[in-house]
Amino acid sequence: MTSCPATGTGSGPDSEGTGDGVIVLDPLVRDLAGEGARLRAAGPLAPVELPGGVRVWAVTRHAEARRLLTDSRLVKNLDHWAAYQRGEIPKTWPLIGLADPGPSMLTFDGPEHRRLRTLTAQALTPRRVAAMRPRIEEITHELLDELDTSADAAGRVDLKSAFAYPLPMAVIGDLLGIDTTQIPRLRTLYDGFFSSVTPAEEVPAIIAELGSLFSAVVAQKKQAPGDDLTSALLAAGEEGDSLSDEEIVATVQVLITAGHETTISLIVSAVRALLTHPEQLAPVRSGEVSWEAVIEETLRWDAPTTHVLIRFATEDVEVGGTVMKQGDAVIIAYGAIGRDERHHGADAERFDVTRTPTRHLSFGHGPHVCPGAPLSRLEALVALPALFDRFPKLDLAVDPAELRNKPAITQNELYELPVRLR
């Protein structure tokens, strides 16, 4: 068995790796596919360095990830992260808000996690999600109408800003009862929150403002409850489920954080994949291949979330001959896992909407599987065919090589997606 020291911080260069075999994740996210291939080649459990010099393990392959995502020896409680408890992870670490988002279902395990998750799941039942379809269709068609007016004289428009971003933000805003006037500020805050290169001095202020914003939402819903999930969580607390205001605020924040970013990236990635693979778009247009198949292949091949932070070992855990020590931290490298040829076949690097489906893990697995996955799929299922029906000549307005990812190692998110509508 092998074991690589997974210290809290390191001083590796901004490159592919360090002298001791640790893979440095590029904070500027310039080559996701290449980075994923290097991670898989390093083995099912690879030592990596996150921005800020924080060293952790990364699970890089499907089978091992599926097993570890249900392993009770890996928990979300920061008390079990040895480097954090030793004071090696500063409060100004750019990713601290993702590692420590407050007392929510994202950070609890066992009964506490089930308690919070059950309340959320009750509001996101298949019936309730299906009932949201007319509203999603309404928002989609409103945005498509506006695309024409927002395009320049050559018919160019940034599809992300004009369509892929406002759709899930409006939907999650409706779901949680958040005033749409707050959305521009939320966008600015989340840009800093997810960024791997946010200046250290700005991190606490961003986290504090997000907390204040969602605390205000919860306070407003206490005064004037509505037909929304925030009000439902408050009502559950009043009915004896022992939900504290702090837990409700953290849960609302987790839901809106996860509820819009994933869907934005799913829509953008699907459009990019289809426009850069016209041979794959043809059978979809003809009806030979379903939009559901497009969505699942996009989720596998170009996962919206590239790395999920962070779990901690409560005892030594052996993975493929490598030992993760008690107190070590581990992330799940969904971007790498989606192209694992051991699970998805020798052509896993190829985008193919006609492939025989294999189960992917892009929305997670086990107790912490994303509760909003059905809603995200539904939004994409409404948005994508409506977009291509309205604009059948849709095409990229730039060379694909010009498209750049935002500097967020947890997210697969482009700065923009310039397209020509006609």
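Me: What does contact mean in this predicted model, and which residues does K221 touch?
Reply: Contact means heavy atoms within 4.5 Å, and, not counting residues up to four places away in sequence, K221 touches L176, G177, D228, T230, S231 and L234. In this predicted model, local features need pLDDT of at least 70, side-chain atom pairs count only at pLDDT 80 or more, and totals for chains, interfaces and linings use all residues. Residues are numbered from 1 along each chain as its sequence is written, and side-chain values use heavy atoms, with hydrogens and water left out.

Me: Why is K221 called buried?
Reply: Buried means under 20% relative accessible area, exposed over 50% and partly exposed in between (1.4 Å probe, protein chains only); K221 has a relative accessible area of 10%, and is therefore buried. K221 lies in helix α11, helices being DSSP runs (H or I, at least four residues) numbered from the N terminus.

Me: What makes the crossing of α13 and α18 right-handed?
Reply: A crossing is right-handed if the near helix is turned clockwise from the far one by less than a right angle, and left-handed if anticlockwise; α13 passes α18 in a right-handed crossing.

Technical notes
Helix = DSSP H or I, 4+ residues; strand = E, 2+ residues; numbered from the N terminus.
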